[in-house]
Amino acid sequence: MQNPSGEEPETTLSVTPPKKWAAGVPAVVHALEYSLEQTSPKKTGVDLLTMNQVGGIDCPGCAWADPAPGRRHRNEYCENGAKHINDEATTRRVTADFFREHSVSDLAARSDMWLNQQGRLTEPMIKRPGSEHYEPITWDDALGVLAGELKTLASPDEAVFYTSGRASNEAAFVLQLFARAFGTNNLPDCSNMCHESSGFALSETLGTGKGTVSLDDLHHADLIFLVGQNPGTNHPRQLSALEEAKRNGGRIVAVNPLPEAGLRRFKNPQKPSGIVGRGTQIADRFLHIKPGGDLALFQALNLLLLEAEDARPGTVLDHAFIDARTTGFEEFAAHARDLDWDDVHTATGLTREEIEKVRDEVLRSERVVVCWAMGITQHKHGVPTIREIVNFLMLRGNLGRAGTGACPVRGHSNVQGDRTMGIWEQMPDTFLDALQHEFGFDPPRPHGLDSVDAIKAMRDGQVKVFLALAGNFVRAAPDSEVTEEAMSSCRLTAHISTKLNRSHAVCGDTALILPTLGRTERDVQADGEQFVTVENSMSEVHTSQGRLEPASPLLLSEVAILCRLARRTLDGRTDIPWETFEGDYGSIRDRISRVVAGFHDYNARVTRPGGFQLPNPVNEGVFPNEVGKALFTRNERVVPRAPKGHLLLQTLRSHDQWNTVPYTNNDRYRGIHGSRHVVLVNPADLTELGLTQGERVDLVSVWGDGIERRAENFEIVSYPAAKGSAAAYYPETNVLVPLDSVADISNQPTSKGLVVRLELSRAGRSSARTRGAGPPGARGR
Ligand SMILES: Nc1nc2c(c(=O)[nH]1)N[C@H]1C(S)=C(S)[C@@H](COP(=O)(O)OP(=O)(O)OC[C@H]3O[C@@H](n4cnc5c(=O)[nH]c(N)nc54)[C@H](O)[C@@H]3O)O[C@H]1N2
Ligand SMILES: Nc1nc2c(c(=O)[nH]1)N[C@H]1C(S)=C(S)[C@@H](COP(=O)(O)OP(=O)(O)OC[C@H]3O[C@@H](n4cnc5c(=O)[nH]c(N)nc54)[C@H](O)[C@@H]3O)O[C@H]1N2
Ligand code: SF4
Ligand SMILES: [Mo]
């Protein structure tokens, strides 16, 4: 499978029919294969048995919730969770010798997979200006260099502090506290590129940016919509919840341009029936929607509900809910009635009859939940689409009751918690007031830079220092070439990381690698062994405690690195007790309990089995938005179109990757093996475009700034993608996403719905090496 250096070169692509079911025995075998590849069997067993158990490690994978403590399986994890944890617990090591051997430009020429597979980072390293190599540095000196650079800035706003969603609540709270005490709100995060559209749409309409649904709600829903998400790959244990919902009589409507395996059948590997049986059918109804058609779909459904109410007054809409809890219904309804069914058909590719069948499902259902993820948020009109989903839920009072609600399915395991802790460039004044009251300094009030604006500011020379708490910014961000130039133009870039990635190689004049403990590892500080806390997609807050020996004795915890940096940088400018925080994370949680709403008695409540659930105002009938009521909205009509000869491209995840980190070149459920440089296109589109499966094409994105963005040398796979659409993997295709192509209102990059054309490849295939390496795998501009 892999050569000794860990690289898995791209081999000849082989394509098999997409799978009709997810999980089952192959999932278990596959997870085990990756585990054995990365760690010793003993270690694998130790980790996995404590994963998602009371007192154990929170899975570092996605943010899906755990069942109540008494209802957990002995193996409460999925294939991908097992892969993620073993990727962290790998026995491979990146040492000082490694950096002596590999220059920065050598590293920049390697593939994402190769970089990740070198193993865990083991000691702090510095690349000095003009040098081609990282060299070892002591922690003291490394933090001294970083603090020194921060102190020379003309303004605190010349620094940016990025967070990726694996960071714990404690680390996140300390980072935002440090940034604000330093004097800036420049706190971009991966959420800017993920669920930002959900946050904006939900805050405006409901007054909370979070989902309103618990696992129990899902289990007891009559009807669940899965819109724009691929649970079999990205939230595998969601399938167990869906299976339970179906056992309770629930039905499922899946809406997706791709017939994803996890939307079809689920063979639960934790049950005998999942091993020998046919598994559970997941979607009762599959809407093969065109990309970006969801706004039109929900507008059409809403019109059909209004018309059903006209036909049988008093039987369809929940007037009690609408009258008591909402505002704007009349204006919404007037707008909703003015709908052109031809446009709906063009936007969705669905017939009126198909949509009417879904309306009938809705009318038969007392309790409805809508789940969504990147297939919605990453479109230009992600915010209006989510607002329209909220309209849809409100019409029949599907909010705030058991078995109902809005479920934005979060990505990273603690991305929601990081936001709760204040990682956001736009935290409201109430939060900043509480910080001020607790810590006695004046937090800056102007909003800071989000991810897209941070890139622009770096590019334009306004930001000089970039510090990342986890993540891989240059690969996660859009317009790879612009982002790389922006990052390289910084005076200093520093990364608190567990594993090597491209952001260490494409770096500032001075660059620091600050290696840190992962979730799996024992974290011992002055006051003894520590645990951290996290919040899942359903607002449950609980502990996570690693048990493994750290990958290297030189690792510091995220909290320790940040506290030491804060002390060095702020020179006693505040009386924040950084040293106490570092020694005892309970002392951080004490402060959180006084600053963040819903966290009273944090230390006591979080150590109860299963932790505690944060209150959701919507479920208490309260809507803390500007109007104090749930808001019906009137949303524009959008018919996404690609000019003739073009397709709408989505960039998405394979089954074998964690965001910017591919584990293998396979995507088992979609039947893709041996290569990630593939583009999935509907056979009818291929005929129209005069192309055939197996041909090599460049993907060229069309954007009105005169710059050519090109991802080279992708092999065509004929695939049942919705007509007019194409799909290819992220991050190889990030080069195609223009920095200015963002979602309205949320400023989230449009990683879905890009207009592209396919040109027969100019480059041809030079060698397996160039395809596996040279990361963007692409050339632009
Ligand atoms: N194994 C694994 N798990 C992960 C991750 C990972 O990389 N690997 N990443 C984590 C993170 S950070 C996140 S945010 C989540 C992401 O979870 P997902 O949102 O499931 O991620 P994507 O791979 O982007 O898939 C988007 C899905 O939306 C569909 N889609 C695309 N465009 C449209 C559209 O216009 N309409 C509709 N209805 N559907 C559309 C796609 O076909 C695809 O099924 O996963 C998390 N979990
Ligand atoms: N084109 C396109 N672009 C996208 C997306 C897309 O669908 N299409 N999706 C977007 C989304 S939803 C997201 S969330 C972002 C993801 O963007 P990021 O969150 O920035 O990227 P990740 O790949 O999750 O980061 C992986 C790195 O995190 C570090 N790491 C892992 N675990 C830990 C830990 O415990 N502690 C620390 N300190 N470091 C750790 C490792 O060094 C690893 O290399 O990408 C976005 N970009
Ligand atoms: S569903 Fe998500 S949180 Fe659960 S085990 Fe799998 S990757 Fe981890
Ligand atoms: Mo995400």
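Visitor: Where does Pro-731 lie?

Guide: Pro-731 sits in the loop between strand 32 (725-729) and strand 33 (752-760), where helices (H or I, at least four residues) and strands (E, at least two) are DSSP runs numbered from the N terminus. This is a predicted model, in which local features need pLDDT of at least 70 and side-chain atom pairs count only at pLDDT 80 or more, while totals for chains, interfaces and linings use all residues. Residues are numbered from 1 along each chain as its sequence is written, chains are lettered from A and ligands numbered from 1 in the order in which they are written, and side-chain values use heavy atoms, with hydrogens and water left out.

Visitor: Is the peptide bond from Tyr-730 to Pro-731 cis or trans?

Guide: The bond that leads from Tyr-730 into Pro-731 is cis, and its omega is near 5°. Another backbone detail concerns Ala-470, which has phi near 70°, a positive value in a residue other than glycine; Ala-470 is placed in the loop between strand 16 (465-469) and helix 24 (473-476).

Visitor: How should I read a sheet, and what is the order of the open sheet of five strands?

Guide: In general, the strands of a sheet pair through backbone hydrogen bonds, either parallel or antiparallel; pairing here requires that DSSP find at least two bridges between two strands. In this model the five strands of the open sheet follow the order 12-9-8-14-15, with parallel pairing. Strand 12 (285-287) and strand 15 (405-408) are the edge strands, each pairing on one side only, and the twist from one strand to the next averages 15°. Strand 14 (residues 368-372) runs parallel to strand 15 and is joined to it by four bridges, and Val-370 has Ala-406 in strand 15 as its bridge partner.

Visitor: Which strands does helix 12 lie across?

Guide: Helix 12 (residues 238-247) lies across strand 8 (223-227), strand 9 (251-255) and strand 14, and runs at about 150° to strand 8; such angles run from 0 to 180 degrees between N-to-C directions, with axes fitted to C-alpha atoms, for helices over the stretch in contact.

Visitor: What is the order of the open sheet of three strands?

Guide: That sheet has the order 2-10-11, and its pairing is mixed. Strand 2 (21-23) and strand 11 (280-281) stand at the edges with a single partner strand each, so one side of each is left without a neighbour in the sheet. Two bridges pair strand 10 (residues 265-267) with strand 11 in the antiparallel sense, and Phe-266 has Thr-280 in strand 11 as its bridge partner.

Visitor: At what angle do helix 7 and helix 27 pack?

Guide: Helix 7 (residues 139-152) packs at about 50° to helix 27 (residues 558-570), with the axes 9 Å apart. The two helices are therefore oblique to each other, given that angles under 35 degrees count as roughly parallel, over 145 as roughly antiparallel, 65 to 115 as roughly perpendicular and the rest as oblique. Their crossing is right-handed, a term for a near helix turned clockwise from the far one by less than a right angle, anticlockwise being left-handed.

Visitor: Is the crossing of helix 14 and helix 17 left-handed or right-handed?

Guide: Helix 14 (residues 294-311) and helix 17 (residues 341-348) pack at about 140° with axes 9 Å apart, which makes helix 14 oblique to helix 17, and the crossing is left-handed. The residues that meet include Leu-297 and Leu-304 in helix 14, and Trp-341 and Val-344 in helix 17; the contact has eight nonpolar, one polar and no charged residues.

Visitor: Which residues are around ligand 3?

Guide: A residue is counted here if one of its heavy atoms lies within 4 Å of the molecule. Asn-52, Cys-59, Cys-62, Tyr-77, Cys-78, Gly-81, Pro-236 and Arg-237 are around ligand 3, and this shell comprises five nonpolar, two polar and one charged.

Conventions: Nonpolar A, V, L, I, M, F, W, Y, C, P; charged D, E, K, R; others polar. Contact = heavy atoms within 4.5 Å.
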